[in-house]
Amino acid sequence: MGKRKTQRKNATMLDSDDDSSSVSSSSTSRSDRMSVFGTEEVEFNKDSLLDETVDALFEKRGSTREKALAVIIDAFSSSLPHQFVEKKFATLLHQCLNCIKKGSSKEISLASHTIGLLALTAGPGDNAREILEDSICPLSQAFKSGSESSKIASLVDCLAVITFVGGNDPEETEKSMQIMWQFVRPKLGSNVIAVKLSAAAISAVVSAWSFLLTSMDGWSLSSKLWQESVTYLSSLLDKDDRSVRIAAGEALALIFEMGSLEKFAAEAKGSSDGAVSEGNKSKEGFSHIQGLKGKILNQVRDLSVEAGGKGSNKKDLNNQRNLFKDVLEFLEYGYSPETSMKIAGDSLQTSTWSQLVQVTLPLLIPH
């Protein structure tokens, strides 16, 4: 009951930080009514609270909208209000998009989180489709408005989830993956300025990119795209930050599991049997791919036994070692790690890299 009281207090205080005594008495009286009337009253009050909170998203003050979004996220995370989603779907979606267009970094993060939860609650279908179609452009623009790590993490997680739930074809998924990729690997030109990203932002983008990759047929993607991806991910294994190394290691393991390196290695080798000039280029490409595979294997081996330096976080070091021991065993012997974890009280087992990546996206883990 205490949690519900707190939610009501926050909702009532969306427009005012004063008059706390009246808020407290109001919460108490509502609590008393719920104890008398039972579950139906609980549900009625929850719907009423959510209705009021959605109305607060129309307010001009950003702090009011932020409080409202926080209440909505808490409601989504504690239960799945399907009737509320059906009734307020369009209003909630478009007000969240307005928050992304004009809000602060904190408001953008909260609104992105809300849209992701909205897509998960709606599930595959017309509503999820509408979420993807209406959100793709505002999310893309929001990437350009700053590089705060918390905001970027919320944006890419949102983009990953709404694409996964609402996308109908591989082209849409690849488009979302390209938006993420362009953020960390922009094609520089006269009107493009390179932005230095934090380690947290890079690892968030790589993890979300990997999440979408699990839904793709690796053999349908171009060899050029794969080679660029693998080369960049290999470079991330040399970065100082362990969260970046771990995200890159999981992505590379997933790529190897999908057989994608073998795919464009086979293409390059096959092309070398053609015309002489094309054959020479293909032989060079095949040699590069083989060399890249060897380099990655050596990097993974080194990271699996890395010694901790002065001031090294022991937990992070152990997480890295364990992850890269699993990657090394997979690359050398083909054994995928078997894991068991609890999510929302339920035990979940994974036996492939694809499954492991899918269940560890932050937005999918209840808080």
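Here are some friendly notes on a predicted model, meant to be read with the structure open beside you.

1. **The nonpolar core.** Start with the inside of the protein. The largest nonpolar core holds 90 residues. Those that touch the most other members are L92, I115, I162, M180, W209, L213 and L233. Keep W209 in mind, as that residue returns in several points below.

2. **A look around M180.** Which residues does M180 contact, once its neighbours within four places in sequence are left aside? They are V156, L159, A160, V205, A208, W209 and L212.

3. **Two tryptophans side by side.** The structure has 6 aromatic pairs. In one of them, the ring centres of W181 and W209 are 4.8 Å apart and the planes meet at 35 degrees, so the pair is described as tilted. Stacked pairs need planes under 30 degrees apart, and edge-to-face pairs need over 60. W181 belongs to helix α9 (residues 170–184) and W209 to helix α10, so this pair ties together parts that are 28 residues apart in sequence.

4. **Buried or exposed?** The cut-off for buried is under 20% relative accessible area. W181 has 4% relative accessibility, so W181 counts as buried. W209 has 3%, so W209 counts as buried too.

5. **A second pair to compare.** What kind of pair do F330 and W353 make? Their ring centres are 6.4 Å apart and their planes stand at 70 degrees, so the pair is edge-to-face. This pair links distant parts of the chain, with F330 in helix α15 and W353 in helix α16, 23 residues apart. F330 is buried at 12% relative accessibility, and W353 is buried at 1%.

6. Searching the whole structure gives 1 cavity of 30 Å³ or more. The largest cavity contains about 40 Å³ of space. Its lining consists of E174, M177, Q178, W181, W209 and L225, so you meet both tryptophans of point 3 again. Helix α9 provides the largest share of this lining, 4 residues. By type, the lining has 4 nonpolar residues, 1 polar and 1 charged.

7. **An open space.** The largest pocket has a volume of about 640 Å³. Its lining has 27 residues, and S207, S243, I246, A247 and E250 are the closest to the centre. Which helices supply at least two lining residues each? They are α8 (149–166), α10 (199–213), α12 (242–257), α15 (314–333) and α16 (353–359). Helix α10 gives the most, with 7 residues.

8. **A residue after the α16 helix.** Finally, look at P362, which sits in the segment after α16. Buried residues are under 20% and exposed ones over 50%; P362, at 42% relative accessibility, therefore counts as partly exposed. Along the chain, P362 and S154 are 208 residues apart, yet their C-alpha atoms are separated by 8.9 Å.

Definitions and conventions:
Residues are numbered from 1 along each chain as its sequence is written. This is a predicted model: local features need pLDDT of at least 70, side-chain atom pairs count only at pLDDT 80 or more; totals for chains, interfaces and linings use all residues. Side-chain values use heavy atoms; hydrogens and water are left out. A nonpolar core is a set of buried Ala, Val, Leu, Ile, Met, Phe, Trp, Tyr and Cys residues joined through side-chain atoms within 4.5 Å. Buried means under 20% relative accessible area, exposed over 50%, partly exposed in between (1.4 Å probe, protein chains only). Contact means heavy atoms within 4.5 Å. On a 1 Å grid over the protein atoms alone, a cavity is a set of points where a 1.4 Å probe fits but cannot get out, and a pocket is an open set with protein on both sides within 12 Å along at least five of seven lines; lining residues have an atom within 4 Å of a point. Grid points are joined across faces, edges and corners, and a volume is the space filled by probe spheres set on the points. Rings of Phe, Tyr and Trp (its six-membered ring) pair if their centres lie within 6.5 Å; planes under 30 degrees apart count as stacked, over 60 as edge-to-face and the rest as tilted. Ala, Val, Leu, Ile, Met, Phe, Trp, Tyr, Cys and Pro count as nonpolar, Asp, Glu, Lys and Arg as charged, and the others, Gly among them, as polar.
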